[in-house]
Amino acid sequence: MMLPLLLHRGLLRPLLSTWLAFVLLFSATTAYESVSDETLRSLPRPGKDFDIHDGALLAPILVPRVSGTAGSTAVLNHLADFIRTTLPDWTIQFQNSTSKTPVSKGKEIPFVNLIASRDPPGTSPGDVGRLTLVAHYDSKYEPQGFIGAIDSAAPCAIIMHTMRSIDSAMTKKWEDMRATGQLNQLEEQQGIQVIFMDGEEAFKEWTASDSLYGARSLAEQWDAEVHPAMSVYRSPLDSISLFVLLDLLGAKEPTIQSFFPTTHWAYKKLATLERRLRELKQLQSSDPGRSWFPHLAKSEHEIPLYMRIEDDHIPFLRRGVEVLHIIDAGDRGFPKVWHTMQDDGEHLDLDTVEDWSVLFTAFAAEWMELEGFMDASQIHKRSVTDAWHKTEFLQL
Ligand SMILES: *[C@@H]1O[C@H](CO)[C@@H](O)[C@H](O)[C@H]1NC(C)=O
Ligand SMILES: [Zn+2]
């Protein structure tokens, strides 16, 4: 199942010149840097923003939001407003499609994916590889009034907290790089993007055509869109360095398996961060004896390959995108509340939700190589650098 799919990506490589291939190879070996214990101890916390009744990030998502309904539009506006007001350096894009569903009586239902991205300044879009964080914001059609807190309101809020927690560190890092002449075309360019996906849930019964409406449309469009000639990456799809899909997160004591040998190294990075954060007593849901990641000690040859979970990654995986699927699916299956009316705010384990947001912040900080730019003392340094840049600019 896996191998022919990976060959598809392999076919693209000969199209690149040796020089570009070298740049890609170089990037692949350097695009990750561990953060210090000091950084792990000072990561921002979501605090009251994850309150299920009036928290600024999470509460507005804990409503029914079936694709094509007013609830869906309200949540989409909440996500877009958060980015526009809190993260003005990010670019927002919508990718729209329509489809009939088994319950739409022949009517076309709109599906709207929200893509927010931030690239290093002065780069061409075709030359930037992007860490890609993904969660679906739609909720299930049935049972009526279904909330979907772990599925996937909490994952959306976890990603929102991650975005804002690394934003100023990226600004600072890129300012430093520009000041020291490192932001040139020969260097690896790493950006980040977030996809809030629509239409993940089936309306009636999960089939190939009744599920993954948003993901299928986006993967198809991004595969067909081609970057200008001589770009490092052929298409927006090829620009995805790692597709990190968060789903069914927010129940206590999750079990996260490693599903793909080619991204097992990234699984281990995330699992190692969880262990370090726990040892440093930075996690609220502390159960010192139990890791969330049972495959940490395994090699990529030892992870089980029998488990196949259909989720938003599938249309991307089939086109050769590298995927890290973070979904709570242990021997007992999905969390107990899955696809029931109990999957609501009250049944979330908020300590676990907070821990996830801290863990993904740490992972994104490592991926974006933000060590030295994350801690609180940098906020002061940053304003000094800002002033210095302004002075320099005026002198020019
Ligand atoms: C896609 O839909 C959104 C929300 O309805 C709308 O704001 C946006 O303009 C649409 N974009 C395009 C390209 O049609
Ligand atoms: Zn679901």
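His 339 counts as partly exposed, because its relative accessibility is 24%; buried means under 20% relative accessible area, exposed over 50%, and partly exposed in between, with a 1.4 Å probe and protein chains only. This is a predicted model, in which local features need pLDDT of at least 70 and side-chain atom pairs count only at pLDDT 80 or more, whereas totals for chains, interfaces and linings use all residues. Residues are numbered from 1 along each chain as its sequence is written, chains are lettered from A and ligands numbered from 1 in the order in which they are written, and side-chain values use heavy atoms, with hydrogens and water left out.

His 339, although not a glycine, has a positive phi of about 60°, and its place is in the loop between strand 6 (323–327) and helix 9 (350–367); helices (H or I, at least four residues) and strands (E, at least two) are DSSP runs numbered from the N terminus. Glu 253 is likewise not a glycine and has a positive phi of about 50°; this residue lies in the loop between strand 5 (240–247) and helix 7 (264–279), and at 35% relative accessibility Glu 253 counts as partly exposed.

## The chain as a whole

The protein chain contains 10 helices and 6 strands, and 56% of its 396 residues count as buried. Its accessible surface comes to about 17900 Å², of which 56% belongs to carbon and sulfur atoms; such areas come from the Shrake-Rupley method with a 1.4 Å probe, and for residues only the protein chains shown count as cover.

Contact means heavy atoms within 4.5 Å. Among contacts in the protein chain between residues at least 6 apart in sequence, 78% join residues at least 24 apart.

Helix 4 (residues 70–86) has 17 residues, which at 1.5 Å a residue should span 24 Å, and its end C-alpha atoms are 24 Å apart, so the two values agree; the expected span is 1.5 Å times one less than the number of residues. The buried residues of helix 4 are Gly 71, Ser 72, Val 75, Leu 76, His 78, Leu 79, Ala 80, Phe 82 and Ile 83, and these pack against strand 1 (91–99), strand 2 (109–118), helix 5 (149–179) and strand 4 (190–197).

The axes of helix 4 and helix 5 are 11 Å apart, and the two helices pack at an angle of about 10°, where axes are lines fitted to C-alpha atoms, for helices over the stretch in contact, and angles run from 0 to 180 degrees between N-to-C directions. Helix 4 is therefore roughly parallel to helix 5, given that angles under 35 degrees count as roughly parallel, over 145 as roughly antiparallel, 65 to 115 as roughly perpendicular and the rest as oblique. On the side of helix 4 the contact is made by His 78, Leu 79, Phe 82, Ile 83 and Thr 86, and on the side of helix 5 by Met 160, Met 163 and Arg 164. These residues divide into 5 nonpolar, 2 polar and 1 charged; Ala, Val, Leu, Ile, Met, Phe, Trp, Tyr, Cys and Pro count as nonpolar, Asp, Glu, Lys and Arg as charged, and the others, Gly among them, as polar.

## Cis peptide bonds

The peptide bond from Glu 142 to Pro 143 is cis, with omega near -5°, and Pro 143 lies in the loop between strand 3 (129–136) and helix 5. A cis peptide bond also joins Asp 151 and Ser 152, with omega about -5°; the place of Ser 152 is in helix 5.

Leu 40, in helix 3 (residues 37–41), is buried, with a relative accessible area of 0%. Its C-alpha atom is separated by 9.5 Å from that of Thr 361, 321 residues apart along the chain. Leaving aside its neighbours within four places in sequence, Leu 40 is in contact with Val 35, Leu 273, Arg 276, Leu 277, Leu 280, Gln 282 and Ala 362. Ser 165 lies in helix 5 and counts as buried at 9% relative accessibility; with neighbours within four places left aside, Ser 165 is in contact with Pro 44, Thr 361 and Met 374.

Leu 249, in the loop between strand 5 and helix 7, is buried, with a relative accessible area of 0%. The C-alpha atoms of Leu 249 and Ile 327, which are 78 residues apart along the chain, are separated by 6.6 Å. Beyond its neighbours within four places in sequence, the contacts of Leu 249 include Ile 150, Ala 154, Pro 155, Ile 158, Trp 356 and Phe 360.
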